[in-house]
Amino acid sequence: QVQLVESGGGLVQPGGSLRLSCAASGSIASIYAIDWYRQVPGKQRVLVAPIPSGGSTNYADSVKGRFTISRDNANNTVHLQMNSLKPEDTAVYYCHYWYTTWRGRYDYWGQGTQVTVSS
C-alpha cells in the first residue's frame, strides 16, 4: 500500500506564492514517480507537474516558469513551489503515484489540498 498526504494549501493573493508538500509512505519505489495534478469543480484532473523525462520536467504550459517540483529523498517528500499565482490557479491539488505490474496499473492519490488565489 501507498499513502500520500498533501499539505500547504490555502488562500493567497494574486502574485503570491505557496509551497505544497506531499509526504509519501508505504511501498513506494521512488518519489521520482510522484507527480502533481489539479482539479476545479466540474472538470477533469489536469496534470501540471509530471514525472521527469530525459532529466527534465515538462510542466503544463499554464504553469511553466511559475511552478517547480522538488524532491526530498531523505524525508520521502515531494514539493510543489508555486510562484506568481493567478486566480486561474485556484483548484484542489493532488499528488499522485502510479506503477504497473503484470497484473495491471495501480494509481494512488492523496486527499487533495485546496489552493485559492483571490484578492
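How many bridges join strand 4 to strand 5? Three bridges join the two strands, which run antiparallel; strands are DSSP runs of E with at least two residues, numbered from the N terminus, and two strands pair if DSSP finds at least two bridges between them. The structure is a predicted model, in which local features need pLDDT of at least 70, side-chain atom pairs count only at pLDDT 80 or more, and totals for chains, interfaces and linings use all residues. Residues are numbered from 1 along each chain as its sequence is written, and side-chain values use heavy atoms, with hydrogens and water left out.

Strand 5 covers residues 46–49, and its residue Val 46 is the bridge partner of Arg 38. Strands 4 and 5 form a hairpin with six residues between them. In the turn of this hairpin, Gly 42 has a positive phi of about 85°.

Asp 35 is located in strand 4, which spans residues 34–39. Asp 35 is buried, where buried means under 20% relative accessible area, exposed over 50%, and partly exposed in between (1.4 Å probe, protein chains only). No salt bridge is made by Asp 35, a salt bridge being a side-chain nitrogen of Lys or Arg within 4 Å of a carboxyl oxygen of Asp or Glu. The nearest side chain of opposite charge, that of Arg 105, is 6.6 Å away from Asp 35; Lys and Arg count as positive and Asp and Glu as negative, while His and the chain ends are not counted. The side chains of Asp 35 and His 96 make a polar contact at 2.8 Å. A polar contact is a pair of N or O atoms within 3.5 Å; within protein, one must be able to donate a hydrogen and the other to accept it, and residues adjacent in sequence count only if both atoms are side-chain atoms. Beyond the neighbours within four places in sequence, the residues in contact with Asp 35 include Leu 47, Tyr 94, Cys 95 and Trp 98, contact meaning heavy atoms within 4.5 Å.

One disulfide is found in a search of the whole structure, a disulfide being a pair of cysteine sulfur atoms within 2.5 Å. Cys 22 and Cys 95 are joined by a disulfide with an S to S distance of 2.1 Å. Because Cys 22 lies in strand 3 (residues 18–26) and Cys 95 in strand 8, the pair ties together parts that are 73 residues apart in sequence. The link is right-handed, with 70° about the S-S bond. Cys 22 is buried at a relative accessible area of 0%, and Cys 95 is buried at 0% relative accessibility.

Strand 7 is mostly covered, with five of its six residues buried. Six bridges join strand 7 to strand 3 in an antiparallel arrangement, and Val 78 is the bridge partner of Cys 22. Strand 6 is likewise joined to strand 7 by six bridges, running antiparallel, with Arg 71 opposite Val 78. Four residues separate the strands in the hairpin of strand 6 and strand 7.

Most residues other than glycine have a negative phi. Asn 76, in the loop between strand 6 (67–72) and strand 7 (77–82), has a positive phi of about 50° and is partly exposed at 28%. Ser 84, in the loop between strand 7 and strand 8 (91–101), has a positive phi near 50°.
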